[in-house]
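Take the model below one element at a time. Keep the sequence beside it as you read.

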Amino acid sequence: METIVLGIGETLVRDDRRWSSWAGWLGVPPHTLSALVGAAVAQGRDATDALRTLRPDMDVEEAGRARAAAGRGEHLDESDLYQDVRPALGELRAAGFRVVVAGNGTVRAGELLRALDLPADLVVTSAEWGVRKPDPAFFARVAEAADAPSEATLYVGDHPADDLFPAAAAGLRTAHLRRGPYGHWWADHPDVVEAADFRVDALTELAGLMGPVGRAGADTARAPGAARTANAAEAAGTSREGARRGALRSVR
């Protein structure tokens with residue numbers, strides 16, 4: 001492996017502030033909106049459907065602009081990062097990997113992320129590229145930004161349908177992160193187990209799995225598309241639970 005590319009929301013950045021802010025804007029308790037987000041996740045729908053449940057005619061992008069105009073727009077600081085982000089990215093760079101942050105987000109989100117001076121070679125959002133995940137064109141841009149062969153590029157994310165499946169379809173290696181609502185709920189679904197090259201519970205696991213730059217670690221010798229995880233026994237034992245959760249929204 002030569003380049004590690006990471007998503008943003010619920011991979012590097014906690015979404016707590018985002019949903020709490022939306023709840024305040026809509027005048028509902030935060031736990032109400034959180035519960036509706038959870039319901040959307042469990043049904044394989046987009047989390048923003050929770051906003052439309054509360055306001056069926058809402059244009060989310062327009063409402064976001066109204067919030068910004070009212071001084072209640074995006075905010076991001078160190079407290080919004082998961083605690084393993086800086087150690088993990090720093091360790092990967094120190095080991096010689098190119099580290100890229102590329103995920104869905106606004107132009108403003110990109111500015112705020114770069115202001116945090118993360119240990120990354122490139123930080124970019126979908127709005128800055130003009131294309132969002134899971135569009136294949138987004139992952140074509142990822143492949144360009146990686147500056148490495150697709151088979152030597154790892155995309156890390158929590159969302160199966162937005163991260164894992166389209167990245168694999170683009171020929172990239174994939175790591176599914178058990179983090180956030182999507183990451184936890186769908187972690188053991190058979191589609192995820194089959195598609196992920198790696199399955200991790202923390203970003204700090206990545207450096208140990210990668211091995212030296214230019215090749216994967218010794219435990220990754222299985223064919224692409226098969227799940228590789230330090231918890232392989234657990235994955236086999238829990239896949240039946242994932243199967244009971246219904247069909248996963250797939251873009252493959």
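Strand β5, residues 173-177, is mostly covered: five of its five residues are buried. Buried here means under 20% relative accessible area, exposed means over 50%, and partly exposed lies in between, with a 1.4 Å probe and protein chains only. Helices (H or I, at least four residues) and strands (E, at least two) are DSSP runs, numbered from the N terminus. Arg173, Ala175 and Leu177 point one way from β5. Thr174 and His176 point the other way, and all are buried.

This is a predicted model: local features need pLDDT of at least 70, side-chain atom pairs count only at pLDDT 80 or more, and totals for chains, interfaces and linings use all residues. Residues are numbered from 1 along each chain as its sequence is written, and side-chain values use heavy atoms, with hydrogens and water left out.

Now look to the strands beside β5. Four bridges join β4 to β5, and the two run parallel. Two strands pair if DSSP finds at least two bridges between them. The chain crosses from β4 through helix α9, residues 160-169, to β5. This β-α-β crossover is right-handed: with the strands pointing away from the viewer, the path from the first strand over the helix to the second runs clockwise. Three bridges join β5 to strand β6, residues 198-200, and these also run parallel. Which residue in β5 is the bridge partner of glycine 157? It is histidine 176. Histidine 176 also stands opposite arginine 199 in β6.

The largest nonpolar core has 33 residues. Such a core is a set of buried Ala, Val, Leu, Ile, Met, Phe, Trp, Tyr and Cys residues joined through side-chain atoms within 4.5 Å. Those with the most contacts inside the largest core are Ile4, Leu6, Leu12, Leu89, Leu154, Leu203 and Leu206. The elements β1, α5, β2, α6, β4, β5, β6 and α12 each supply at least two residues of this core. Apart from it lies another core, of 21 residues, among them Trp22, Ala23, Val41 and Ala63.

Contact means heavy atoms within 4.5 Å. Leaving aside neighbours within four places in sequence, leucine 154 touches residues including Ile4, Val5, Ala175, Phe198 and Leu206.

Helix α5 (85-94) is next. Its Val85, Ala88, Leu89 and Leu92 are buried. Seen down the axis of α5, the buried residues fall within an arc of 90°, so they line one face of the helix. The arc is that of the directions from the helix axis to the C-beta atoms. These buried residues pack against β1, β2 and α12. Just after α5, glycine 96 takes a positive phi of about 100°.

Turn to helix α4, residues 60-69, where Val60, Ala63 and Arg67 are the buried residues. They cover an arc of only 60° around the axis, which puts them on the same side of α4. On the other side, Glu61, Arg65 and Ala69 are exposed. The buried residues of α4 pack against α1 (16-26) and α3 (49-54). At the start of α4, a side-chain oxygen of aspartate 59 reaches to within 3.1 Å of the backbone nitrogen of glutamate 61. Just after α4, glycine 71 takes a positive phi of about 80°.

Some loops deserve a stop. Most residues other than glycine have a negative phi, and most peptide bonds are trans. Glutamate 10, in the loop between β1 and α1, has a positive phi near 60°. Is glutamate 10 buried or exposed? Glutamate 10 is buried, with a relative accessible area of 8%. Aspartate 147, in the loop between α8 and β4, has a positive phi near 55°. Aspartate 147 is exposed, with a relative accessible area of 63%. The peptide bond from lysine 133 to proline 134 is cis, with omega near 10°. Proline 134 lies in the loop between α7 (126-129) and α8 (136-146).

Step back to the whole protein. There are 13 helices and six strands. Buried residues make up 48% of the 252 residues. Of the contacts with a separation of 6 or more, 65% are between residues 24 or more positions apart.

How values were computed
A polar contact is a pair of N or O atoms within 3.5 Å; within protein, one must be able to donate a hydrogen and the other to accept it, and residues adjacent in sequence count only if both atoms are side-chain atoms.
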